[in-house]
Amino acid sequence: PTPCVPWQSQTSGQYQRRVQWGKRLGTVSMLGRRKGGANRFRDNEDNLGLSTEDRQTLVDKLKGGVIIHCAADVRFNRPVNEALRINVYASEQLLDLGIEARLAGFVYVSTLYVNVRESMKSRVFEQFYPLGYDAVALYKRWKATSGKLTDEEVSAAYNASTDSQGAWPNTYTFTKSISERVVTERAAAACVPASIVRLGIVCDDAHDQVGWYFWQRGVSSTSA
């Protein structure tokens, strides 16, 4: 029985459809857990915390496939150097794994709020707006310093903006914005088709299967 939805019969059509989708999404989800339920992927470690054997299995099984990358640290007060490691560095590593596997595509799940600094008086389009600093250059500098940007470097980038922009509300949106640009540049250089999906607030699926949401945010936290 699945530990996530113990109330759902494994003979139901709904459950079987989810199983089929799980098989489609495939190897990543099956390799993602050790015995006992511990997460095998560690997005704050080099090589995603994968063993050489597991990485090669993923490369072999993912050939010609698509990675949908929706993992991130959504804590808003994470220090920038730590948030860069989880939200940007891990994304680049996952894309590099996909490049090695010769992916057909890479989908990066971002957030609607990467453009939150734009003027509320204007229409905000789904595009890259100027940031007032070079996001890719900052990330390369972060890697060159072994993940230890100085407070001055962090402050200069975090507070940079164009004339019409406000301030970043948190380090989550700040680092997701950087990650979008790093992924886009890296994918283009490797000729891997990539797309960015900017979601709003994610909440429970009340129609299909109540409860498929395991985090304390927004409306869900009031009903949990």
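## A buried arginine and its partner

Arginine 55 counts as buried, at 17% relative accessibility (buried is under 20% relative accessible area, exposed over 50%, and partly exposed in between, with a 1.4 Å probe and protein chains only). This is a predicted model, in which local features need pLDDT of at least 70 and side-chain atom pairs count only at pLDDT 80 or more, while totals for chains, interfaces and linings use all residues. Residues are numbered from 1 along each chain as its sequence is written, and side-chain values use heavy atoms, with hydrogens and water left out.

Which residue does arginine 55 form a salt bridge with? The partner is glutamate 100, and the closest N and O atoms lie 3.1 Å apart (a salt bridge is a side-chain nitrogen of Lys or Arg within 4 Å of a carboxyl oxygen of Asp or Glu). This pair links distant parts of the chain, 45 residues apart: arginine 55 sits in helix 3 (residues 52-62) and glutamate 100 in helix 4 (residues 80-100). Helices here are DSSP runs of H or I with at least four residues, numbered from the N terminus.

Across the whole structure, a search finds 10 salt bridges. Another one joins lysine 143 and glutamate 92, with 3.2 Å from N to O. Here too, distant parts of the chain are linked: lysine 143 belongs to helix 5 (residues 135-144) and glutamate 92 to helix 4, 51 residues apart. Lysine 143 is partly exposed at 37%, whereas glutamate 92 is buried at 11% relative accessibility.

Next, have a look at the network: salt bridges that share partners join Asp73, Arg75, Arg78 and Glu82. Within this group, arginine 75 pairs with aspartate 73, their closest N and O atoms being 3.1 Å apart. Arginine 75 is partly exposed at 44% relative accessibility, while aspartate 73 is buried, with a relative accessible area of 8%.

## Helix 4 up close

Helix 4 has 21 residues and spans 29 Å from its first C-alpha to its last, close to the 30 Å expected at 1.5 Å a residue (the expected span is 1.5 Å times one less than the number of residues). Where does helix 4 bend? The bend is at tyrosine 89 and comes to about 30 degrees, taken as the angle between axes fitted to the seven residues ending there and the seven starting there.

Helix 4 is also mostly covered, with 15 of its 21 residues buried. Following the helix is arginine 102, which has a positive phi, near 60 degrees.

Technical notes
Helix = DSSP H or I, 4+ residues; strand = E, 2+ residues; numbered from the N terminus.
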